[in-house]
Amino acid sequence: MSSSAGAQGAPIKSTGLHIGEPAPGVKKVDPIIVADNITRTFGGLTAVQVEHLEIPRGAITALIGPNGAGKTTLFNLLTGFDKPDTGEWTFDGQGISGIPAFKVARKGQVRTFQLTKALGLLTVLDNMKLGAKGQSGESLARALFPWFWRKQEQAIEERAIELLTRFKLDAKKDDYAASLSGGQRKLLEMARALMSEPSLVMLDEPMAGVNPALTQSLLDHILDLKTQGMTVLFVEHDMHMVRHIADWVVVMAEGRVVAEGDPHEVMANPAVIDAYLGSHHDEDLGNLDTGVMTAIKELADDDADDDKH
Ligand SMILES: Nc1ncnc2c1ncn2[C@@H]1O[C@H](COP(=O)(O)OP(=O)(O)OP(=O)(O)O)[C@@H](O)[C@H]1O
């Protein structure tokens, strides 16, 4: 695996992540997640049907696809918030299929949600403290040694303040989370996820509802996770963001992985445009919802940019 400098000011992309031709299910040089035959149905609907998927370690992978492709369902499965009908997967070489979310998080795989889960009636600092792992204050043995508990509390608070400072939320530590803007809540959620010192951070639509003033800051924080050695997997509809920061892109449609590759390869792949058009093939393009149209236009723009280079 190697890194190469991008265009002026562009983030440094990780390359050489895969073995062989980039295609759905392609093997990775150093995968952090390896998943096989994952299916999840809701009644008669097959929401996820992934034969094989590997997520490269130490890189930023984007999971994209049209609405209803199964991205969030796959996220929920991989993080233990939902159970599959079939399937097995490993995280860092350990089988974790079907184990509950709090255990997945303890192993170093954390996630944020599309709609932020900051607890509005807790302060920003208390939200952060909830993200700490391995708190031993509750256990009886530790309760018998309160000095130990206090020391641990202090360490947790120090880490929380350090992270809040990094995310420029330290001045708000005593405010209720409910008073934060949408973008600030996203930052708080990301900061809280880092409390448990994860090795894999999964972000579900990190840019949704974020005011443009905070967009760059969020992007920088995501890039920073990689610099610090973490792996990032994120779901996003914003193709500019995908192109800008993703080292690798996995495309889902109708529950399956339909393409994989680096952002430029993937966005030039006709199967991907097809996936976005999907069931709308017979429709007048003017009837498509604006999200689909924007995504298709951005994919096409990427092609045009490529042609210029
Ligand atoms: N709890 C559920 N009960 C019934 N159907 C569900 C449930 N969760 C998801 N689905 C269905 O599964 C399919 C995949 O949904 P999912 O939310 O995973 O897609 P997505 O790719 O994340 O879409 P979006 O980009 O719109 O968030 C959709 O058809 C959705 O309606």
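Modeller: Leaving aside neighbours within four places in sequence, Val249 is in contact with Ala62, Ile64, Val242, Glu260, Gly261, Pro263 and Val266. Two residues are in contact if their C-beta atoms, placed from the backbone, lie within 7 Å. This is a predicted model, in which local features need pLDDT of at least 70 and side-chain atom pairs count only at pLDDT 80 or more, while totals for chains, interfaces and linings use all residues. Residues are numbered from 1 along each chain as its sequence is written.

Biologist: Which residues have the most contacts inside the largest nonpolar core?
Modeller: They are Leu63, Val232, Val249, Val251 and Met252, in a core of 51 residues. The largest share of this core, six residues, comes from strand E13 (residues 248-253). Apart from this core lies another, of 15 residues, among them Ile156, Ala160, Ala177 and Leu188.

Biologist: What counts as a nonpolar core?
Modeller: A nonpolar core is a set of buried Ala, Val, Leu, Ile, Met, Phe, Trp, Tyr and Cys residues joined through C-beta atoms within 7 Å. A residue is buried if 20 or more other C-beta atoms lie within 10 Å of its own, exposed if 12 or fewer, and partly exposed in between, with C-beta atoms placed from the backbone. Helices (H or I, at least four residues) and strands (E, at least two) are DSSP runs, numbered from the N terminus.

Biologist: How do E13 and E14 pair?
Modeller: E13 and E14 pair in the antiparallel sense over five bridges; two strands pair if DSSP finds at least two bridges between them. Val250 stands opposite Glu260 in E14. The hairpin of these strands has two residues between them, and Glu254 takes a positive phi near 50 degrees there.

Biologist: Is strand E14 mostly covered or exposed?
Modeller: Strand E14 (residues 256-261) is mostly covered, with five of its six residues buried.

Biologist: New topic: what order do the strands of the open sheet have?
Modeller: The order of the four strands is E6-E5-E8-E9, with antiparallel pairing. Strand E6 (45-56) and strand E9 (94-95) stand at the edges, each with a single partner strand, so one side of each has no neighbour in the sheet. Strand E5 (residues 31-42) pairs with E6 over ten bridges, and the bridge partner of Val34 in E6 is Glu54.

Biologist: Which helix packs on the sheet?
Modeller: Helix H1 (residues 71-78) does, touching E5, E6 and strand E8 (86-91). The direction of H1 makes about 65 degrees with that of E6; axes are lines fitted to C-alpha atoms, for helices over the stretch in contact, and angles run from 0 to 180 degrees between N-to-C directions.

Biologist: And what gives the most to the shell around the ligand?
Modeller: H1 does, with three residues. The residues surrounding the ligand include Phe42, Leu45, Ala47, Lys71, Thr72 and Thr73; a residue is near a molecule if its C-beta atom, placed from the backbone, lies within 6 Å of it.

Biologist: Why is H6 largely enclosed?
Modeller: Eleven of the 13 residues of H6 are buried, so the rest of the structure largely encloses this helix. Among the buried residues are Gly183, Leu187 and Leu194.

Biologist: Last one: is Val26 buried or partly exposed?
Modeller: Val26 counts as partly exposed because it has 19 C-beta neighbours inside 10 Å. Val26 lies in the loop between strand E3 (18-19) and strand E4 (27-28).
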